[in-house]
Amino acid sequence: MGLGLGIDAGGTATRWRLADASGRCAAQGSVAPLTGHLFSAAAEERARQIVLDMAQAVVKTGKPLGIIAGITGLTRETPAEATMRAMFAETFELPPEKVFVAEDMWIAYLAYFELGEGILVYSGTGSIGYYLSEDKQVIRVGGRGNLIDDGGSGFWIAREALKAILRAEEESPGAGWTSTLGTCMARALGGTDWNIVRSFVYGGDRGKIGSLARAVGEAASADDGTALRILNEAGEELARLANALIKRLGPRPVALVGGSARLHPIVSNAFRQGLIAPVEFIATDLDAALTAARLAATLNRV
């Protein structure tokens, strides 16, 4: 049976799965984060290298008959989409019609719902509320990047934690970094000196900063009050995204997905309590890359 390659490219990693039409996974792996923000020659070359690294790993098991890729930051029917499709087609030696690329949320939605069925709220490095209609029209709320919003995301959680620690330090030197949250964050950063913190934050990308959210989850599990407050507020921020779509579309099932939504149960609890309508709540993690691989084996659902 032919194999399809499914790709879920987020802010922290690009996960891939090679599977048949029944969903049986033949191989899997991850490479560096791949983004649809191909705004320079350097960005395009970096993307090309990531795709090449992936191809070298994939072909050890077999050549896919088709590829479906969900890529963060990619907008359909743009030059970036055409460039990305051509990049995959050339690297894997496939005809362009056997390659489908879209924003990562397109693929994630199909992992949870049929077209038009539900509302997806995603919290990873960034955050977004997403709806894909029966005629494949997208309605999205949030998802505007960390410079504008991304409330409830991993980046947002990490930023709020760092802000709380540093403000505590300013008011009472030593109080911020000696707290449970401060200790967990310092371990993730590699130290507490401002030069270390500054280098980590301003010398890295949003995915690297978003990875600090795991330290907040660790502190919350140790009952740190500040960490619990931040994660509770993250759940409320994510509920706002769902509520915006419920107001526009009417009540329908809501799925809360993504690694940042799994940092601590308080996130999903606050999310559920913040919903404005009594709707079915889905909190199960599904493998979007595997869904994409299954669809890629036939390319008949997208």
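**Close-up views of a predicted model**

**View 1. Lys136 in its loop.** Lys136 sits in the loop between strand E7 (127-132) and strand E8 (138-142), where strands (E, at least two residues) and helices (H or I, at least four) are DSSP runs numbered from the N terminus. Although Lys136 is not a glycine, it has a positive phi of about 65 degrees. This is a predicted model, in which local features need pLDDT of at least 70 and side-chain atom pairs count only at pLDDT 80 or more, while totals for chains, interfaces and linings use all residues. Residues are numbered from 1 along each chain as its sequence is written, and side-chain values use heavy atoms, with hydrogens and water left out.

**View 2. Asp150 in the loop between E8 and H4.** Asp150, which is not a glycine either, has a positive phi of about 55 degrees. At 4% relative accessibility Asp150 counts as buried, a term that means under 20% relative accessible area, with exposed over 50% and partly exposed in between (1.4 Å probe, protein chains only).

**View 3. The largest nonpolar core.** This core, a set of buried Ala, Val, Leu, Ile, Met, Phe, Trp, Tyr and Cys residues joined through side-chain atoms within 4.5 Å, has 47 residues, and those with the most contacts inside it are Val121, Ile157, Met185 and Phe271. Its largest share, 10 residues, comes from H10.

**View 4. The surroundings of Val121.** Leaving aside neighbours within four places in sequence, Val121 is in contact (heavy atoms within 4.5 Å) with residues including Ile128, Leu238, Val254 and Phe271.
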